[in-house]
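Q: Could you walk me through some features of this structure, with the general idea ahead of each case?

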Amino acid sequence: LPVCPDPQLFIKDLHFDGVPVRIYLPREPAAGKRRGVVFIHGGCGIFGSISKELKEKIVCRFIARKSDSVVVSVGYHLAPELTYPVQTLECLAATTHFLKTAETFGVDPARVIVCGDSVGGTYTTSVCQELGQRADIPKIRAQVLIYPFLQALSFNLPSHQQNAAAAFLSRERTVHFILKYLNKDCSLKEPILAGSHVPESINLKYRKWINPDLIPDEFKLGYKPPLPALFLPQVHEEVQELFEPWFSPLLAEDAVVCGLPDTCIVTCEHDVLRDDGLLYKKRLEDNNVPVTWRHVEKGFHG
């Protein structure tokens with residue numbers, strides 16, 4: 001779709017460090033430097049774009065107008081044509097470029113947030129975890145995570161059971177899209193759903209962070225703990241990416257998490273990924289990161 005004129009915004013297609021971006025700049029002159037927003041769209045890493053996704057264009061225009069901010073929408077290349085972790089690296093490169101050149105666009109580099117929905121929330125989390133360790137560029141002011149995907153160890157949390165057959169993003173389709181994204185054999189889906197890809201040593205290591213006991217009771221209505229899964233070493237070897245913090249940001253160490261910026265997390269009740277957001281909220285709070293949480297009781301993924 002062509003870029004339609006907007007009476008309130010200048011809209012330009014550019015490249016930041018080789019990554020396509022679409023930038024939305026308010027036309028009204030500013031009294032001072034504006035805020036900046038890096039927006040990373042969802043789509044499981046295999047759908048969507050900055051030029052064809054109508055929803056994202058509406059969201060970016062809305063944010064730019066209502067918050068009087070300069071919005072940069074990142075057009076990372078999709079999998080499986082370009083495989084993981086290219087998408088994370090491109091989001092990181094575009095965000096870094098914007099932080100370094102923010103003043104060129106009339107933006108205060110100390111007032112830049114990163115925002116993403118679904119896998120865009122995953123990339124946002126990874127970008128903030130990575131850049132939180134660096135002292136050579138301005139710090140990200142805040143991150144906004146809209147129903148993010150944050151871990152691939154357990155697909156048997158209460159939200160997975162309660163929303164297993166939810167429209168658009170069911171429990172089964174979640175793992176199907178993961179395997180498509182990683183360009184893996186989809187026959188691995190059933191053992192991953194059962195948890196057979198996770199050895200007991202890893203389950204024990206991360207139980208402190210990924211555990212249904214950490215989910216508030218009001219979100220566990222009807223939950224039944226699954227039977228222990230039979231570990232399958234061959235499946236584990238095929239999906240090593242699932243255990244990397246860039247893919248499962250909930251696995252990042254506390255030393256990384258404590259360096260994160262102020263955070264807003266949005267969860268939806270009818271969403272298999274709801275509990276990922278709840279678990280990350282607790283981790284951030286445990287590490288003294290300021291968190292604002294918004295839960296949409298009638299909301300669903302997408």
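A: Rings of Phe, Tyr and Trp (its six-membered ring) pair if their centres lie within 6.5 Å; planes under 30 degrees apart count as stacked, over 60 as edge-to-face and the rest as tilted. Here, ring pairs link Tyr84, Phe149, Tyr181 and Phe247 into a cluster. This is a predicted model, where local features need pLDDT of at least 70 and side-chain atom pairs count only at pLDDT 80 or more, while totals for chains, interfaces and linings use all residues. Residues are numbered from 1 along each chain as its sequence is written, and side-chain values use heavy atoms, without hydrogens and water.

Q: How many aromatic pairs does the rule give?

A: The count comes to 11 aromatic pairs. One of them is tilted: phenylalanine 16 and phenylalanine 105, at 5.7 Å centre to centre with 45 degrees between the planes. It joins distant parts of the chain, 89 residues apart, with phenylalanine 16 in strand S1 and phenylalanine 105 in the loop between H2 and strand S5. Helices (H or I, at least four residues) and strands (E, at least two) are DSSP runs, numbered from the N terminus.

Q: Are phenylalanine 16 and phenylalanine 105 buried or exposed?

A: Buried means under 20% relative accessible area, exposed over 50%, and partly exposed in between (1.4 Å probe, protein chains only). Both phenylalanine 16 and phenylalanine 105 are buried.

Q: Which helix holds glutamate 90, and what does glutamate 90 contact?

A: Glutamate 90 sits in helix H2 (residues 86–101). Contact means heavy atoms within 4.5 Å. Beyond neighbours within four places in sequence, glutamate 90 touches Val19, Val74, Tyr76 and His77. A polar atom of the glutamate 90 side chain lies 2.7 Å from the backbone nitrogen of histidine 77.

Q: How far away is the nearest side chain of opposite charge to glutamate 90?

A: For charges, Lys and Arg count as positive and Asp and Glu as negative, with His and the chain ends not counted. A salt bridge is a side-chain nitrogen of Lys or Arg within 4 Å of a carboxyl oxygen of Asp or Glu. Glutamate 90 is buried yet has no salt bridge, and arginine 22, the nearest side chain of opposite charge, is 15 Å away.

Q: Why is H10 described as largely enclosed?

A: Because 10 of its 13 residues are buried, H10 is largely enclosed by the rest of the structure. Its buried residues include Arg274, Asp275 and Leu284. They pack against several elements, among them helix H3 (119–131) and strand S8 (291–300). Just after H10, asparagine 288 takes a positive phi of about 65 degrees.

How values were computed
Polar contact = N/O pair within 3.5 Å; in protein donor to acceptor, adjacent residues only side chain to side chain.
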